[in-house]
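Here is a briefing on helix packing and charge pairing in one protein. Please keep the sequence and the model in view.

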Amino acid sequence: MDLEVRRRSSTIIPGLIILNTIVFIMWTFSDETGISPILMMKNFLVSWSSLTEGRYWTLISSAFSHNMFWHFLLNMFVLNSFGPIVEEILGFRRFITFYFVAAIISSLSHAFVSAWLIGNPDIPALGASGAISGVILIFSLAFPKEKILLMGLVPVPAFFGAILFIGLDVWGLYAQAGGGGLPIGHGAHLGGAITGILYYLLFLKGSRNRWSIV
């Protein structure tokens with residue numbers, strides 16, 4: 001049977017955006033609020049070293065952490081664009097569970113590739129990009145022909161955009177392993193994307209439902 005997914009107001013996405021906003025403000029106005037930058041770095045950045053030192057909460061806290069405005073704005077825009085539709089498919093409880101699982105796996109992926117592929121366990125990461133990658137992949141697999149704007153400009157089918165997205169992260173991670181590349185958490189992106197793919201294949205692909213956006 002067909003399932004029409006309506007672009008209705010989300011119940012959880014605003015809350016996720018508020019949490020990200022609070023942590024962004026903590027980074028931005030740490031001096032004014034009396035919050036030590038060292039405290040922020042210890043508690044809102046994830047790395048292999050932070051995990052071996054026992055700061056396991058950074059697997060989650062780092063996924064709500066942004067200290068650059070463009071990074072924060074882009075991630076919140078993408079989350080607000082794709083999140084409500086994926087939430088409508090999964091439902092509130094399954095969506096929030098998936099989001100946190102994707103965040104944890106993306107953080108673990110960054111820590112693992114930094115330590116064992118790049119060879120530097122101290123590389124820190126922050127941002128919601130990994131968890132959001134999982135959301136994008138579910139959307140792209142559920143609506144492969146739906147047009148999305150690549151770089152905010154070029155309309156392409158969602159499935160093609162997802163493949164390109166993954167390909168760029170694989171290339172970027174390969175470059176980082178060779179000592180080059182950009183300071184981007186490709187490992188986190190890929191971890192989140194793989195989580196989204198696996199979730200779709202395990203829990204959604206076998207469904208009789210076929211979705212259309214209205």
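Predicted model: local features only at pLDDT ≥ 70, side-chain atom pairs only at ≥ 80, totals over all residues.

Residues are numbered from 1 along each chain as its sequence is written, and side-chain values use heavy atoms, with hydrogens and water left out.

**α7 and α8**
- The axes of α7 and helix α8 (residues 129–142) come within 7 Å and cross at roughly 125° (axes are lines fitted to C-alpha atoms, over the stretch in contact for helices, with angles from 0 to 180 degrees between N-to-C directions; helices are DSSP runs of H or I, at least four residues, numbered from the N terminus).
- F95, F98, Y99, A102, A103 and S106 in α7 meet G130, A131, I132, G134, V135 and I138 in α8 (contact means heavy atoms within 4.5 Å).

**α7 and α9**
- The axes of helix α7 (residues 92–118) and helix α9 (residues 158–177) come within 10 Å and cross at roughly 45°.
- α7 is therefore oblique to α9.
- V113, L117 and I118 in α7 meet L173, Q176 and A177 in α9.

**Salt bridge**
- The structure holds one salt bridge (a side-chain nitrogen of Lys or Arg within 4 Å of a carboxyl oxygen of Asp or Glu).
- R55 pairs with E53 in a salt bridge, the closest N and O atoms being 2.5 Å apart.
- R55 counts as buried at 17% relative accessibility, whereas E53 is exposed at 53% (buried is under 20% relative accessible area, exposed over 50%, partly exposed in between, with a 1.4 Å probe and protein chains only).

Methods. Helix = DSSP H or I, 4+ residues; strand = E, 2+ residues; numbered from the N terminus. Parallel < 35°, antiparallel > 145°, perpendicular 65-115°, else oblique.
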